[in-house]
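Me: I would like to learn how to read the features of a protein model one at a time. Could you start with the general idea each time and then turn to the case at hand?

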Amino acid sequence: MKAPTPMMQQYLALKAEHPDKLVLYRMGDFYELFYDDAKKAAKLLDITLTQRGESEGTPIPLAGIPFHALDGYLVKLVRAGETVAIVEQVGIPGQTKGPVERKLSRIVTPGTVTDANLVDARKDTLLASIVIDGARAGVAIVNAANGTIALRDLQLSELAPYLQRKDPAEFVCSEAAQRELRELVAGSTTLQAFTLRARPEYEFTSARATDELTQALGTTTISHLDIERVPLAFVASGAALAFTRLVNGGTRLPISTVNVERASESLEMDASTLRNLEIVQTLSGAESPSLLSLLDRCETAAGSRLLRALLTEPPRDQARAAARHDAVQALERNAAAATSIDYRAVQDKLRGLSDIERIATRIAIASVRPRELTGLRGTLATLPSLSTLLAASANPLLAAIASAISIDPSWHQLLKHAVAEEPALNVRDGGVIATGFNAELDELRAIQTDSGTFLAQMEIAERERTGIPNLRVEYNKVHGFYIEITSSYLNQVPVEYKRRQTLKNCERYITPELKAFEDKALAANDRSLALEKRLFDELLLSLAPACDALRRAGAALAELDVLANFAERAESLKLVRPTFTTLPSLDLTGARHPVIESLVDQFIPNDVRLDAKRSCVVLTGPNMGGKSTFMRQAALAVVMAFAGSYVAASAATIGPIDRVLTRIGASDDLASGRSTFMVEMTEAAAILQRATPNSLVIVDEIGRGTSTFDGLALATAIARRLIAKARSLTLFATHYFELTELANEFASCVNHHVSVVEHGDRVVFLHEVKAGPASRSYGIDVAKLAGLPAEVIRDARRELERLEKERTQQLPQADLFAESATPFAEATNESPLLESIKVIDIDALSPRDAHAKLAELIDAARKA
């Protein structure tokens with residue numbers, strides 16, 4: 001068996017250092033993958049799987065991608081959750097006897113990627129580091145692209161819901177905690193395929209965290225960060241920052257902001273609530289039509305990211321929300337105040353601005369691309385006029401934004417002088433540094449630029465000297481410079497011409513003069529590229545002091561974009577500014593569901609009123625009548641108001657809501673082995689544990705996954721608990737009409753129903769909510785609208801009449817699992833005549849047969 005070649009030995013050594021990663025091994029103009037890496041990449045990237053040589057008698061699987069197409073393939077790999085180790089050639093071919101020297105260039109992981117071509121511009125890419133200590137846990141959330149970190153200590157039972165809300169792309173934990181962490185999140189449908197990195201225990205210490213955080217912040221102390229409140233998350237932050245340093249080849253991720261989170265800071269919504277309300281995705285997982293897709297008309301990617309964050313975790317502070325409402329009002333197009341600003345003028349300025357918050361981070365870690373610097377230059381050129389525009393407003397929040405985007409003009413001047421007007425995509429291609437910035441570079445470029453003039457002059461001179469009229473002096477990348485002479489003039493070639501290449505109809509030559517110029521020109525190109533790379537690196541070092549100001553400006557621009565977007569949405573969707581109160585309440589006049597309203601021709605608005613004296617509304621009525629929409633639109637109004645948006649209503653007053661809790665819909669969780677009913681009860685238990693008098697609770701059709709009486713008993717008990725103990729602001733939709741009796745039991749409970757109009761055997765849903773309980777459920781009518789066969793509908797009506805008759809007789813519920821169980825039909829003593837009538841299939845009878853059957857029944861009745 002053949003031993004591996006020196007090149008494969010080099011590859012195997014590098015692969016041994018990164019066994020859990022896909023290794024992209026640079027070979028000339030391709031990145032190659034071998035063995036199992038090649039097989040996996042071929043499937044993920046839809047590229048050809050081939051073979052190269054043998055190892056121990058077995059062909060080596062091989063797959064490759066062109067080096068210039070790397071970014072496109074990396075995007076696919078990162079989105080598939082893969083981690084990629086990129087190995088570059090650092091040696092020069094031919095200078096050593098062995099294989100070309102190669103080294104690990106960088107590691108790309110799903111949670112630490114910062115490259116603009118690899119991250120979703122309108123969604124944050126997050127890394128979560130987790131420490132578990134008994135019944136407590138600490139989480140450090142690192143946003144590498146923005147250079148921020150959030151710290152949160154919480155109960156272990158709250159860990160999975162918190163991670164679901166944050167939706168990190170990658171997790172870091174200690175080797176000892178990885179099994180427990182996997183078990184904790186195993187029941188989460190959104191976290192089952194997460195990427196988990198187990199790190200050594202020594203990375204999870206306070207000393208390590210102090211060292212990593214102080215260096216990332218560029219400070220000598222962290223005493224100002226209030227770390228004492230989050231000791232576990234602080235330890236987790238050290239491991240997170242160590243991991244980012246590892247994947248960046250030893251380069252530290254600069255951190256601009258450390259946010260110590262408090263549970264009371266945001267309006268709490270768990271993953272099921274975000275899903276049920278379709279905040280960022282529909283129930284089917286599509287991005288549209290959701291609340292985010294409706295509200296997001298932001299001009300910048302940073303604005304879209306901030307809007308997503310505000311809708312998924314709205315600040316609970318009413319003052320912050322009201323400040324945003326004030327700013328939105330100042331941006332209204334028809335605002336009466338003389339100092340108001342037309343939001344359209346702001347959006348015109350924002351359109352086309354670069355994502356300078358992320359660019360600042362990439363400058364700090366020296367991974368920024370040349371064309372991102374031109375985008376930064378253009379953005380800095382626009383900021384002064386935007387700041388002047390905002391200065392016309394007296395609104396405090398807009399004034400703060402104007403101050404934050406007032407960047408020292410010297411940074412713009414530096415970029416203007418240093419970076420070419422239209423630079424190349426990569427520094428290695430040249431043409432990035434502007435002409436006039438460096439005299440030596442200009443001189444080297446002149447040599448290359450003047451080569452055309454030199455060749456033309458030499459061609460004229462040589463034609464005159466040799467008398468060969470079709471002599472040509474040219475250049476190509478393979479053979480360099482040459483003099484080409486056709487075969488018919490070979491007898492006139494001077495003796496000093498040295499043959500370089502023979503072709504079919506001509507010969508190519510080189511002269512000492514041309515060779516000297518070639519050496520000079522090619523050397524100038526190499527020197528020019530090397531100098532340009534050095535100047536670019538020096539430029540990034542010069543820009544580093546501006547990074548903090550750029551990040552602040554980027555965050556301010558995102559805030560401004562969201563506010564202008566809210567003003568535009570308020571006008572387009574006819575939203576109204578909400579008012580806040582300190583009393584637990586929710587009072588909406590003419591409330592609408594903004595997403596559904598945008599999809600239909602006419603939407604029926606409804607009022608919602610909940611307070612301490614009227615804390616629970618039991619909502620009854622038919623399916624498709626609008627119960628779920630009515631409840632969801634109330635919750636969406638709360639979310640939008642605290643996010644800083646106007647709401648879909650004609651008037652809105654909202655109290656200090658602390659969380660929105662929902663139990664809507666029913667589905668199995670097969671991956672976790674939980675039935676529909678278990679999912680219902682688990683979510684109901686979470687609501688009862690967390691609901692407070694300031695919580696908005698939405699319960700839709702609970703108790704349907706078990707027997708009728710069991711479901712009714714549980715629904716009644718849950719409703720009683722919410723009314724009497726939690727005293728939450730509750731909307732409780734049900735088909736159990738027995739629950740309407742709760743209004744007689746509790747003064748704070750009222751009945752409402754969605755109205756229906758009957759026309760003969762048809763029903764029309766008015767989608768209007770009125771006081772009082774519904775008269776009946778209309779389930780069979782809905783089934784008829786769904787297209788069930790007529791005979792099934794008729795049979796269902798007969799069965800409904802029988803069941804209602806039995807119910808009036810107060811028959812006990814049958815135990816379906818008892819050995820002595822007796823069907824309901826056997827519990828009644830009906831006459832043989834009635835039994836014979838029941839079995840008649842009227843649809844199968846012809847008119848003659850029907851007449852004969854009727855005569856037979858009349859005769860039997862007379863004899864009875």
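Reply: Let us begin with burial: a residue is called buried if its relative accessible area is under 20%, exposed if it is over 50%, and partly exposed in between. Please keep in mind throughout that this is a predicted model.

Me: Are Asp-37 and Lys-15 buried or exposed?

Reply: Both Asp-37 and Lys-15 are buried, and their side chains meet in a salt bridge with 2.8 Å from N to O. The pair links distant parts of the chain, since Asp-37 belongs to helix 2 (residues 35–45) and Lys-15 to helix 1 (residues 6–17), 22 residues apart.

Me: How many salt bridges does a search of the whole structure find?

Reply: The search finds 58 salt bridges. Another of them joins Arg-472 and Glu-474, at 3.1 Å from N to O.

Me: With which residue does Arg-508 form a salt bridge?

Reply: Arg-508 forms a salt bridge with Glu-484, and their closest N and O atoms are 2.9 Å apart. Arg-508 lies in strand 16 (residues 506–510) and Glu-484 in strand 14 (residues 480–486), so the pair ties together parts that are 24 residues apart in sequence. Both Arg-508 and Glu-484 are buried. Elsewhere, salt bridges that share partners join Arg-152, Arg-165, Lys-166, Glu-261 and Glu-313 into one network.

Me: Over which ring does the charged end of Arg-508 sit?

Reply: The charged end of Arg-508 sits over the ring of Tyr-482, 4.2 Å from its centre. In another such case, the charged end of Arg-26 sits over the ring of Tyr-31, 5.3 Å from the ring centre.

Me: How many aromatic pairs are found in the whole structure?

Reply: The search finds 8 aromatic pairs. One of them is formed by Phe-481 and Phe-517, which are edge-to-face, with 5.6 Å from centre to centre and 75° between the planes. Phe-481 lies in strand 14 and Phe-517 in helix 19 (residues 512–543), so this pair ties together parts that are 36 residues apart in sequence. Phe-481 counts as buried at 4% relative accessibility, and Phe-517 counts as buried at 13%.

Me: Why is the pair of Phe-580 and Phe-642 tilted?

Reply: For ring pairs, planes under 30 degrees apart count as stacked, over 60 as edge-to-face and the rest as tilted. The planes of Phe-580 and Phe-642 are at 50°, with the ring centres 5.2 Å apart, so the pair is tilted. Phe-580 is in strand 17 (residues 579–580) and Phe-642 in helix 22 (residues 627–643), 62 residues apart. Phe-580 is partly exposed, with a relative accessible area of 22%, whereas Phe-642 counts as buried at 0%.

Me: What pLDDT does the chain average?

Reply: The chain averages a pLDDT of 86, and 91% of the residues score at least 70. Over residues 668–673, however, the pLDDT is below 50, and beyond near neighbours in sequence this stretch has 11 contacts in the model. Over residues 814–828 the pLDDT is also below 50, and that stretch has 8 contacts beyond near neighbours in sequence. Where pLDDT is low, the predicted coordinates should not be read in detail.

Conventions
Residues are numbered from 1 along each chain as its sequence is written. This is a predicted model: local features need pLDDT of at least 70, side-chain atom pairs count only at pLDDT 80 or more; totals for chains, interfaces and linings use all residues. Side-chain values use heavy atoms; hydrogens and water are left out. A salt bridge is a side-chain nitrogen of Lys or Arg within 4 Å of a carboxyl oxygen of Asp or Glu. Helices (H or I, at least four residues) and strands (E, at least two) are DSSP runs, numbered from the N terminus. Buried means under 20% relative accessible area, exposed over 50%, partly exposed in between (1.4 Å probe, protein chains only). pLDDT is the predictor's confidence in each residue, from 0 to 100. Contact means heavy atoms within 4.5 Å. Rings of Phe, Tyr and Trp (its six-membered ring) pair if their centres lie within 6.5 Å; planes under 30 degrees apart count as stacked, over 60 as edge-to-face and the rest as tilted. A charge sits over a ring if NZ of Lys or CZ of Arg is within 6 Å of the ring centre and within 35 degrees of the ring normal.
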